[in-house]
Amino acid sequence: MNAPGTAIITGAASGIGAEFARQLSAAGHDLLVIDKSRDPLESIAADLAARHSIVVESLVADLSDPIQLRRVEQRVFAIEQPALLINAAGFGTTGRFAEIDVERQIEMINVHVVAGVRLCRAVLPRMVSRDRGGIVNVCSISALTRFPESATYSATKAYMLTFTEILGIELEGTRIRVQALCPGLTRTRFIDTPEMQRFDRHRLPDWMWMDPADVTGASLKALRHGPVRYIPGLANRFYVFVFGNTIAIALLAGYRRARAHLKANVPGFRWLP
Ligand SMILES: NC(=O)c1ccc[n+]([C@@H]2O[C@H](COP(=O)([O-])OP(=O)(O)OC[C@H]3O[C@@H](n4cnc5c(N)ncnc54)[C@H](OP(=O)(O)O)[C@@H]3O)[C@@H](O)[C@H]2O)c1
């Protein structure tokens with residue numbers, strides 16, 4: 001029987017990336033796991049290697065750093081049988097673009113976009129020559145909506161969504177599957193960082209949240225036959241249906257303009273949220 005090949009996963013020390021590592025190792029894949037935090041990464045790697053008798057290599061790297069990314073890219077390029085690439089490393093920030101640290105926004109572009117694109121380019125030649133493989137780029141439903149305080153985040157996710165959809169067109173007729181996974185709120189450490197403190201998770205009802213195991217399980221199932229743009233969960237699909245269409249985006253923009261105008265011109269105005 002053919003070995004299932006190596007799954008390469010960034011952001012594998014936590015959340016969605018760690019869950020991909022769990023599910024793919026249980027399916028018999030060897031793993032190359034990449035993250036910037038050594039201890040959690042090595043602990044997951046050791047646990048999965050022992051549990052499933054597979055080979056797990058861990059690579060500690062900050063993907064926002066061009067030199068460290070180049071090292072990862074070279075390692076990934078050398079893998080002879082890349083079965084899957086999962087680009088899951090990422091982080092969020094809150095705050096209006098004019099007021100937040102620009103260097104951190106550039107780091108975000110480097111992790112979400114530059115690393116994602118470079119690693120796709122590193123695995124694809126072998127996948128094309130073997131006519132097999134799969135790529136999941138973890139995007140977000142934020143790629144499809146327009147809300148303030150997420151300019152760079154939403155734009156990087158929109159880049160990866162478009163990029164992946166066009167890769168899908170270029171790879172039509174091959175056995176290589178690609179997916180732009182667009183999760184909504186997912187119970188991970190993502191929103192527990194100091195940078196996301198202003199995001200109040202308790203304002204949002206429980207039904208809007210998914211567990212990372214459900215997100216990744218649905219993603220891997222959809223990777224076989226599903227659409228390139230994949231939104232897991234009914235609540236997320238409904239959210240995108242309501243807020244992600246051009247009419248809703250235009251209406252919300254008009255509402256914000258009207259509210260700003262009233263606030264500026266009507267003394268004591270306060271009755272619109
Ligand atoms: N959770 C959500 O609600 C949600 C919704 C939509 C999309 N997503 C996307 O899902 C992906 C996974 O996020 P998650 O929810 O699983 O969050 P998470 O639990 O924080 O996992 C993200 C992982 O990426 C790592 N990472 C961040 N910056 C990195 C860098 N410069 N180099 C290498 N690794 C880096 C983090 O390491 P450190 O912890 O050391 O920083 C962490 O281990 C992200 O791309 C995120 O944008 C999440």
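The paragraphs below go from the ligand's surroundings to a pair of helices. Please keep in mind that this is a predicted model.

Start at the ligand, which is surrounded by 29 residues. The closest of them are Ser14, Lys36, Ser37, Tyr153 and Thr188. What is the make-up of the shell around the ligand, in nonpolar, polar and charged residues? The shell divides into 14 nonpolar residues, 10 polar ones and five that are charged.

Now zoom in on the ligand's oxygen atoms. In the side chain of Ser14, an N or O atom is 2.5 Å from an oxygen atom of the ligand. Thr188 also takes part through its side chain, with a polar atom lying 2.6 Å from a ligand oxygen. With Gly90 the backbone is involved: one of its N or O atoms there lies 3.4 Å from an oxygen atom of the ligand. How much of the ligand does the protein bury? Taken alone, the ligand exposes 880 Å², and the protein buries 93% of that.

Next, look at the helices that contribute to this shell. Both α1, residues 15–26, and α5, residues 151–170, supply at least two of its residues each.

From α1 you can move on to a helix that it meets. Two packed helices are described by the angle between their axes and the distance between the axes. The partner here is α2, residues 38–52, and the axes of α1 and α2 come within 10 Å and cross at roughly 15°. Angles under 35 degrees count as roughly parallel, and α1 and α2 are therefore roughly parallel to each other. Their crossing is right-handed.

Conventions:
Residues numbered from 1 in each chain as written. Predicted model: local features only at pLDDT ≥ 70, side-chain atom pairs only at ≥ 80, totals over all residues. Heavy atoms only, no water. Near = heavy atom within 4 Å. Polar contact = N/O pair within 3.5 Å; in protein donor to acceptor, adjacent residues only side chain to side chain. Areas by Shrake-Rupley, 256 points an atom, 1.4 Å probe, with all protein chains shown as cover. Helix = DSSP H or I, 4+ residues; strand = E, 2+ residues; numbered from the N terminus. Nonpolar A, V, L, I, M, F, W, Y, C, P; charged D, E, K, R; others polar. Axes fitted to C-alpha atoms, helices over the stretch in contact; angles between N-to-C directions. Parallel < 35°, antiparallel > 145°, perpendicular 65-115°, else oblique. Left-handed = near helix turned anticlockwise from the far one by under 90°.
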